[in-house]
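Here are some exercises to work through with the model open beside you. Try each task before you read the solution.

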Amino acid sequence: MNAPIRATNNLEAFWMPFTANRQFKANPRMFVAAKDMHYTTADGRQVLDGTAGLWCCNAGHGRPKITEAIQKQAAELDYAPAFQMGHPAAFELASRLVQLTPQGIDHVFFANSGSEAVDSALKIALAYHRARGEGQRFRLIGRERGYHGVGFGGISVGGIVSNRKMFGTLLTGVDHIRHTHDLSRNAFSRGLPEHGAEYAEDLERVIALHDPSTIAAVIIEPIAGSTGVLLPPKGYLERIRAICDKHGILLIFDEVITGFGRLGAPFAADYFGVTPDMMTVAKGITSGVIPMGAVFAKKEIYDAFMTGPEHLIELFHGYTYSANPVACAAALGTLDTYAEEGLLTRAADLASYWEDAVHSLKGLPHVIDIRNLGLIGAIELEPIAGQPTKRAFSAFLKAYEKGLLIRTTGDIIALSPPLIISKAQIDELVTTLGDVLKTLD
Ligand SMILES: Cc1ncc(COP(=O)(O)O)c(C=O)c1O
């Protein structure tokens with residue numbers, strides 16, 4: 001690879017997000033190029049991408065259709081005002097997306113990230129009830145250990161303590177149901193855990209506490225990703241859906257990581273056969289190449305706003321870059337790539353190979369659980385006493401040195417490779433990771 005290697009002369013000014021800045025700046029890890037399944041480091045090494053960037057580069061890297069679409073769009077129409085004006089790529093993209101979404105989910109509101117998609121969905125939920133004359137439904141319910149991005153809405157309904165504790169009072173009127181992680185009963189499950197559907201009943205408890213008539217929406221990730229891959233116990237999502245229906249509460253699936261083929265179906269809603277009222281997506285919508293997020297909503301929700309004088313704006317919400325033309329082009333190029341290569345269902349073909357591969361790490365030092373579904377894997381490590389996160393972070397650093405990109409959260413290693421990964425690359429990933437785990441303190 002002839003990647004240009006640029007000298008970086010000062011690392012100080014950039015305050016890096018979700019990064020141990022001092023550790024990084026003392027020992028920088030720089031990627032300078034990427035193609036298909038590999039990154040190239042500044043010192044010219046190839047690193048196998050075990051995480052699709054940050055769960056986003058589902059089509060792999062440097063894909064020509066996406067690059068060409070971006071180049072063409074930028075040259076033709078770089079920007080059009082997002083409010084009171086339109087451009088064809090936005091309408092084409094929305095129409096293409098709703099062909100992929102579960103039946104009944106047929107409108108798209110564009111944002112620029114998962115966090116914005118979540119905030120948009122929460123606001124739409126509140127405004128929807130108000131538009132229907134049920135403005136007393138102001139409460140939002142999330143779940144412990146949930147991750148819904150970093151906006152105030154997302155951290156309020158989210159349940160990862162370190163993402164919340166520094167930031168004041170957050171949104172009011174929010175509560176959380178319990179998480180579903182249960183190692184005592186479900187450790188080393190292959191695929192969905194057997195035990196724990198009854199944790200959905202915790203939603204009834206929280207609803208009863210506040211009175212159902214005050215609750216606007218429940219938001220959950222079908223698979224909780226950023227907290228370390230927590231899979232829904234068999235039957236759990238169906239029960240959550242039934243409870244929401246019973247009480248007239250909107251159900252929002254945050255599909256920012258599960259969307260666009262991660263489970264071998266376009267969306268987790270398809271995989272589980274459970275249809276929410278709204279879905280939030282980002283990441284895989286452009287294969288990570290250009291920032292974009294979106295809310296997918298049912299027709300009833302959209303229609304509830306389409307009343308009153310026609311010259312009036314129906315929803316006072318949107319972003320300067322909602323449906324940015326270049327982002328739309330990237331998304332269209334991405335959808336073309338997914339369609340041509342069958343990537344939205346490819347994980348289904350690889351799932352059992354992947355499952356066997358990741359579970360082959362059972363028995364290695366400190367491994368207390370292995371989980372998998374579709375092309376997602378997680379290896380939970382016993383934390384070093386008194387030093388949580390250190391063991392997994394050390395695995396991350398060692399894997400990088402050995403030419404493998406993994407992601408860690410707490411003491412959990414999360415794997416989510418691009419959907420183009422080959423079986424030989426799965427073997428390589430697992431062998432390298434196994435070598436790393438054997439050397440951990
Ligand atoms: C489920 C979920 N929701 C929301 C987000 C936030 O997305 P973004 O980082 O694009 O704001 C993420 C990011 O990982 C996510 O996993």
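**Exercise 1. Work out how enclosed helix 13 is.**

Start with the count: 13 of the 17 residues of helix 13 are buried, so this helix is largely enclosed by the rest of the structure. Buried means that 20 or more other C-beta atoms lie within 10 Å of the residue's own, exposed means 12 or fewer, and partly exposed is in between, with C-beta atoms placed from the backbone. Helices (H or I, at least four residues) and strands (E, at least two) are DSSP runs, numbered from the N terminus.

Next, check the length. Helix 13 covers residues 325-341 and reaches 24 Å from its first C-alpha to its last, close to the 24 Å expected at 1.5 Å a residue. That expected span is 1.5 Å times one less than the number of residues. Finally, look just past the helix: G342 there takes a positive phi of about 60°.

A quick note on what you're looking at. This is a predicted model, where local features need pLDDT of at least 70 and side-chain atom pairs count only at pLDDT 80 or more, while totals for chains, interfaces and linings use all residues. Residues are numbered from 1 along each chain as its sequence is written.

**Exercise 2. Describe the protein chain as a whole.**

Count the elements first: the protein chain has 16 helices and 15 strands. Its radius of gyration is 22 Å, close to the 22 Å that the globule rule gives for 441 residues, so the chain is as compact as a globular protein of that length. (The radius is taken over C-alpha atoms, and the rule is 2.2 Å times the number of residues to the power 0.38.) Along the principal axes, the C-alpha atoms fill a box of roughly 65 × 55 × 45 Å. Then go inside: buried residues make up 48% of the 441 residues.

**Exercise 3. Find how the strands pair.**

Two strands pair if DSSP finds at least two bridges between them. Take the open sheet first: four strands form it in the order 1-2-3-13, with mixed pairing. Strand 1 (31-35) and strand 13 (404-405) are the edges, each pairing on one side only. Further in, strand 2 (residues 38-41) and strand 3 (residues 46-49) pair in the antiparallel sense over three bridges, and Y39 stands opposite V47.

Now move to strand 11 (residues 367-373) and strand 12 (residues 376-381), which run antiparallel and are joined by six bridges. V367 has L381 as its bridge partner. The two strands form a hairpin with two residues between them, and G374 in the turn has a positive phi of about 50°.

**Exercise 4. Compare D211 and K283: is each one buried or exposed?**

Most residues other than glycine have a negative phi. D211, though not a glycine, has a positive phi of about 80°; phi of K283 is near 40°, also positive. D211 is in the loop between helix 9 (201-210) and strand 7 (215-220), and K283 is in the loop between strand 9 (278-281) and strand 10 (293-298). K283 has 27 C-beta neighbours inside 10 Å, so K283 counts as buried.

**Exercise 5. Say what surrounds the ligand.**

The shell has 14 residues, and the closest are S113, G114, S115, G149 and V256. Helix 5 (residues 114-131) gives the largest share, three residues.

How values were computed
A residue is near a molecule or strand if its C-beta atom, placed from the backbone, lies within 6 Å of it.
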